[in-house]
Amino acid sequence: MVHADGSVLQTFDYLRQHGLQGFRDIWPKPTATAWKIIACYAAFEAALQLWLPGKRVVGPISPTGNQPVYKANGVAAYAVTLITYLGLWWFGIFNPTIVYDHLGEIFSALIFGSFIFCILLYIKGLVAPSSTDSGSSGNIIIDFYWGMELYPRIGKNFDIKVFTNCRFGMMSWAVLAVTYCIKQYETYGKVSDSMLVNTMLMLVYVTKFFWWEAGYWNTMDIAHDRAGFYICWGCLVWVPSVYTSPGMYLVNHPVDLGMQLALYILVAGILCIYINYDCDRQRQEFRRTNGKALVWGKAPSKIHAEYTTTSGETKSSLLLTSGW
């Protein structure tokens with residue numbers, strides 16, 4: 001995105017000509033500034049997660065009978081984060097372009113820092129698990145990759161997966177989308193229509209996520225996937241770097257779509273996000289009412305599935321087969 005205009009072929013040509021030394025030359029090293037930005041952002045989001053008020057929400061019952069309790073304050077944290085970030089820029093206290101200017105160093109620091117974080121999670125699962133939903137598979141590589149604990153917490157109230165997946169990962173998606181927009185404005189004196197559409201769609205999607213955050217706590221990510229390298233490193237590194245990359249590219253490659261095409265893309269994108277939301281809503285309403293909810297005005301078709309858990313217990317589940 002930065003050294004080769006987002007071109008894979010250009011990158012391969014560069015690496016073929018310069019070899020490993022060329023790769024080392026363009027690899028950004030973590031810096032003190034990068035660590036400070038990450039630390040301030042992480043501390044701010046952790047404080048909001050702990051201290052902002054929110055409705056008490058109970059998660060699904062785990063395989064060992066635990067039922068996690070959450071505080072649903074995601075919308076408030078999202079609003080406070082964006083208002084604070086834009087306010088700091090507006091009043092000249094902090095310029096978000098600094099984040100873009102140190103982006104490579106930030107991603108580099110996240111790559112290594114999150115790896116250390118996952119090692120600490122593995123050790124915590126070994127010596128101080130938060131619940132009975134933990135344990136080893138007998139293979140150290142699988143334990144590190146998949147995770148030792150289903151619901152790791154610091155103290156009683158700070159849920160680590162909610163922090164990594166929602167408050168650090170998903171929140172950074174919105175923060176970086178805004179950052180790229182501001183950087184393009186400060187570089188060119190205006191924001192291209194392509195950047196506006198990109199930023200608006202990303203913010204609509206992330207707004208939808210936080211509006212529905214309590215529903216996310218019932219999904220596979222939280223209720224089934226353990227807190228290991230796979231999901232935690234992914235949310236701490238992959239989401240802020242890869243998911244935001246269209247905006248990162250557009251900063252120095254503004255595309256003029258024209259009003260008509262920009263509106264078409266915006267409407268199509270919002271429609272896709274709505275369908276994504278409504279799929280989840282239909283499925284959750286179907287589960288909540290034990291299959292009795294109407295889907296598109298009529299009784300839904302369904303599959304009554306039986307399965308056996310690893311402990312040999314037979315359970316059943318309703319699967320929705322109509323609607324979206």
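Q: In which helix does Asp278 lie, and is Asp278 buried or exposed?
A: In this predicted model, Asp278 is part of helix α13. Its relative accessibility is 5%, and buried means under 20% relative accessible area. Asp278, in helix α13, therefore counts as buried.

Q: Which residues are in contact with Asp278, leaving aside its neighbours within four places in sequence?
A: Asp278 is a buried residue of helix α13. Once neighbours within four places in sequence are left aside, its contacts are Trp296 and Trp324.

Q: How far apart in space are Asp278 and Gly323, C-alpha to C-alpha?
A: Along the sequence, Asp278 and Gly323 are 45 residues apart. In space, their C-alpha to C-alpha separation is 9.4 Å.

Q: Which element gives the largest share of the lining of the largest pocket?
A: The largest pocket has a volume of about 1800 Å³ and is lined by 42 residues. The elements that give two or more residues to this lining are α9 (213-216), α10 (220-223), α13 (259-288), β5 (302-308) and β6 (314-320). With seven residues, the largest share comes from α13.

Q: Which residues lie nearest the centre of the largest pocket, and how does its lining divide by class?
A: Nearest the centre are Pro60, Ile61, Asn218, Ala223 and Arg287. The lining as a whole divides into 16 nonpolar, 17 polar and nine charged residues.

Q: Which element gives the largest share of the lining of the second largest pocket?
A: The second largest pocket has a volume of about 1000 Å³. Its lining comprises 31 residues, with Met1, Val2, His3, Ile26 and Pro28 nearest the centre. At least two lining residues come from each of α1 (8-26), α4 (97-101), α5 (103-127), α11 (229-243) and α12 (245-251). The largest share, seven residues, comes from α1.

Q: How many nonpolar, polar and charged residues are in the lining of the second largest pocket?
A: The lining of the second largest pocket has 31 residues. By class, these are 19 nonpolar, 10 polar and two charged.

Q: What is the volume of the largest cavity, and which element gives the most to its lining?
A: The structure holds one cavity of 30 Å³ or more. At least two of the lining residues come from each of α5 and α6 (140-146). The space in the largest cavity is about 60 Å³, and the element that gives the most to its lining, with three residues, is α5.

Q: Which residues line the largest cavity, and what are their classes?
A: The lining consists of Cys118, Leu121, Tyr122, Asp143, Phe144, Gly147, Met148, Glu149, Pro152, Ala227, Gly228 and Phe229. Asp and Glu count as charged and Gly as polar. By class, the lining has eight nonpolar, two polar and two charged residues.

Q: What distance does helix α2 reach from its first C-alpha to its last?
A: Helix α2 covers residues 32-51, 20 residues in total. At 1.5 Å a residue, a span of 28 Å is expected. The helix comes close to this expected value, reaching 28 Å.

Q: Which elements do the buried residues of α2 pack against?
A: The buried residues of α2 are Ala34, Ile37, Ile38, Tyr41, Ala42, Glu45, Ala46, Ala47, Leu48 and Gln49. An α-helix has 3.6 residues a turn, so residues three or four places apart point the same way. The buried residues of α2 pack against β2 (69-72), α3 (74-90), α4, α5, β4 (158-159) and α7 (160-188).

Q: Which residues does Thr179 touch, not counting residues up to four places away in sequence?
A: Thr179 lies in helix α7. Because its relative accessibility is 0%, Thr179 counts as buried. Residues up to four places away in sequence are not counted, and Thr179 then touches Tyr85, Pro96, Val99 and Tyr100.

Q: With which residues is Trp89 in contact, leaving aside its neighbours within four places in sequence?
A: Trp89 is found in helix α3. Its relative accessible area is 23%, so Trp89 is partly exposed. Leaving aside neighbours within four places in sequence, its contacts are Phe94, Asn95, Pro96, Ile182, Tyr185 and Glu186.

How values were computed:
Residues numbered from 1 in each chain as written. Predicted model: local features only at pLDDT ≥ 70, side-chain atom pairs only at ≥ 80, totals over all residues. Heavy atoms only, no water. 1 Å grid on protein atoms, 1.4 Å probe; cavity = no way out; pocket = protein on both sides within 12 Å on 5 of 7 lines; lining within 4 Å. Points joined across faces, edges and corners; volume = space filled by probe spheres on them. Helix = DSSP H or I, 4+ residues; strand = E, 2+ residues; numbered from the N terminus. Expected span 1.5 Å × (residues − 1). Buried < 20%, exposed > 50% of the residue type's maximum accessible area, 1.4 Å probe, protein only. Contact = heavy atoms within 4.5 Å.
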